[in-house]
Amino acid sequence: MRDTDVNPREAGTPPLPLRRRRATLAICVVAMLLGLVSAMTLRPGTAVRDMLPQRSAASVALDRVLTQFRLMDDLVVLASVEPGEGNPSEKLVAFAEDLRAGLQHHPDVESVRFREESLPRSLAQDVLLPQLWWRLNDAQRAAVTQRLQPSAMQQRFRHHAAMLVAPGARPDAWLDNVRNDPLGLIPLLEEHGDADGVTLDAWVAPMNEEDELPGLMLSDDGRSLLVAIAGNRPANDLPYTHRLVAHVKQTAESLRPDGVDLGHTGPYAIADFSANATKHDMIVSMVVSMVLLSLLFLVVYRDFRTLPAILATVNGGGLVAFGLYAAGGGQLSPVTAVCGAVLAGLGIDYGIHLITKANDRSPGSLTTALRTTGPVLLAACVTSALGFGVVAAAGVRALTEFAVLGVLGLFATLGMTLLFLPAVLLRRVPDDEGGAARAATSPTRLARSVVERITARPHRWLFAWAVMLGMAFGAVTVGHDGPWLRFAGDLEAMHAVPNPPLEAQAVMTDAFGRRASVMLVHVTGPDADTLLERSRAVEAGLRELSQDEPRIATVNGLGALLASASAEAFPPEADVTLAAFDAAVESSPLNPEAFAGFRDVLSRVLRPSDTPSWDALREHAAAVGPLLPRVFFDGAEATEALVVAELASPWELMDDRASLLSGFAAAVAAVEGATLTGLAVIGAEMQGELSAVVNRLVLLAGIAVVVWLAVFFRNPWEVIAALCPAAAGLLVLVAAISVGGIELHAVNLIALPLTLGLGVDDGIFLVAAARRVRRAKQTVADLRRELGVTSHAIMMTSITTLLAFGSLSFTNTPAVQSLGVLSAVGVATCLGASLFGLVPALVMVHSRRAWRPKRRR
């Protein structure tokens, strides 16, 4: 007989892993290798997109904005001069000029700017001025028509001539004002209605000198300068983003003069840092989890030869799970990245239960362990998988992927435990089997001692545990004016801490007081004309809202660029009016050449265009790019656009934000195809929906677990007993969250269904042990011994789960850290409820023979 075969006469016919060890090992190793190859293709996802609710219209709209529009495609370099430096702007401008020269020819860089964006002359001439007459209201048109009468124009020029020869010097600003607007049309427009910035700039921009530079993007104190690098691909293209950020950082650092500090922020910097933080969290959590689990195993079992087999089993199951997850198109998010550490702690539990039953690792003991423990392990795996699976009902992509990966990991690790681990253990049976048996069984002495002390006076322990649960229930229900649970209204917890890009963004907000937040409205239409009509309706509604809401600074959209022609409001005859203007200038002592720019503007205004100039917009992508998708500038028809409302101050500093959001929502609701979106909108939606999400997840987890337990036990009293530890853990966890004032968000709230799914495993093992003793008609002493062995296993598995979730505390993402802490609290409470509540209850019931075998007909 080969050394890899097992004698079938030993303990009956052994299971397949023991009869065909080589084949089993070969298949498992190949599966691990294939999983490794597939897992290496995993790439980090974009944290913000992954945490958006999938069923929310605002989330869908924001996803379109992030991927299709150029609104947020800037990598910002914040250059700051240390205090004490003389003439800081000169040094900052020199650095910005050098940086622009070093980046402008790079293929990943579209543009570099460090000056305020002004209205381009070509855009005003080609798009705005031909549409400007249609944008005036009736009062403005009437006033302008009256001012363009020959007598009125002559009167204005006589007034300018008299002021020019009057005693006293005339300031340059007065002269520029006369040159740019000799007829005083801009004050006239402001007097007879709301003239937005685009309208006024359209008059002035074409008359500016070509070489006149706009102002620098300097901070209020003049010691910081923003350099905005525009990319040619969206920030969610992570390989491109990493390449762009690395090149800009390297170039900026090489050009940085002494005394200048650099910071990097913007969507590109934030996305790149988030991807790197996700990788860091994955590595750290896995390493810490494996180290802690290994140390625990060695301390308890003192078996250096079994440890490699256990680690190979756990890691093998993880590789298979990650491989399948990658093959299905999954990606790494801050939540899924740390799933490996959690699965390691849960997966090692199966191996601990198996080796606890297989005392000497002999074929007979392994066969017995597989047959007695295998079904219970499957039941525990299913309940844990149910806890993970219901998380998918949260409606968030990252949580759905976390649920899928968790379920795959649990079943893959269970498969490795039932196939790979017995085959490895059988091949590694030591000569001194008695030593191995002592190493395996000695840790159970502590558990047996604990069980004996607890079951000696079960009433006392049950009473103490009931009092504690009553206190937890009182903490949840008594003395609370508001809801039991509080929910976060933003995604701040999803960002790693420390976070240099976000810190630079905060510095930028403080230093540049004029930088404010924006609200976005995503507008869609079946064709360009319908899109323009809807965009105008949204802008009109928001401008009407801004009249009563001072927190809205400006509203910009397609309607501000492309006006609607009116057949009843044509301007005065252009040729006649221009001839009268020329005559008025000639009759004055003023130089006619000084008013050539204004005459050109007036000529374009008096000859308005009847149709929107879509082709002209395509030629000005830099100016209007944030309002239209990228495909429009490639020649596609405009079927979606943005309306951008700039707020007067940062969103996070505003009071009564709910009223502002409701005002925006009411203004947009009446327009078909318009969706209010943005992180502020989604945060408010999530805050309102998380309560329903928590209830849905816990309810689904509870129903699924109860149904599975009913199938497994087929005894209502055993189902109730198995649920007790999980119910106690859930109650104490809710009390801890409520009393501690912890805010729940889309990540840490999954600790609730996980506690229910994982905590019921302890009840399953204890109830199954009691059922075996009862069916064998054994004594209370036998039950205590059996519960001692099982309690040792659940103590070990609970500690490993605690260590796995505890390893999440070493990550840099607050949401993941909070998930680890809350899950650890739930698991620890379930363990306490099992040992000090369920164990004495099982002994009491058995001693009174309350449970009897079910009669068969």
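Modeller: Two strands count as paired if DSSP finds at least two bridges between them. In this predicted model, β7 and strand β8 (residues 640-647) are joined by four bridges and run antiparallel, and within that pairing Val555 stands opposite Ala645 in β8. The pair belongs to an open sheet of four strands, ordered β7-β8-β6-β9 with antiparallel pairing. Because β7 (552-556) and β9 (674-677) stand at the edges and each has a single partner strand, one side of each is left without a neighbour in the sheet. From one strand to the next, the twist averages 20 degrees.

Helix α22 (residues 528-548) lies across β6 (518-524), β7, β8 and β9, and runs at about 150 degrees to β6. The largest nonpolar core has 181 residues, and Leu542, Leu617 and Phe664 are the ones that touch the most other members. Apart from that core lies another, of 29 residues, including Trp134, Val144, Val178 and Val585. In soluble globular proteins, nonpolar side chains tend to be buried together.

Methods. Residues are numbered from 1 along each chain as its sequence is written. This is a predicted model: local features need pLDDT of at least 70, side-chain atom pairs count only at pLDDT 80 or more; totals for chains, interfaces and linings use all residues. Side-chain values use heavy atoms; hydrogens and water are left out. Helices (H or I, at least four residues) and strands (E, at least two) are DSSP runs, numbered from the N terminus. Axes are lines fitted to C-alpha atoms, for helices over the stretch in contact, and angles run from 0 to 180 degrees between N-to-C directions. Contact means heavy atoms within 4.5 Å. A nonpolar core is a set of buried Ala, Val, Leu, Ile, Met, Phe, Trp, Tyr and Cys residues joined through side-chain atoms within 4.5 Å. Buried means under 20% relative accessible area, exposed over 50%, partly exposed in between (1.4 Å probe, protein chains only).
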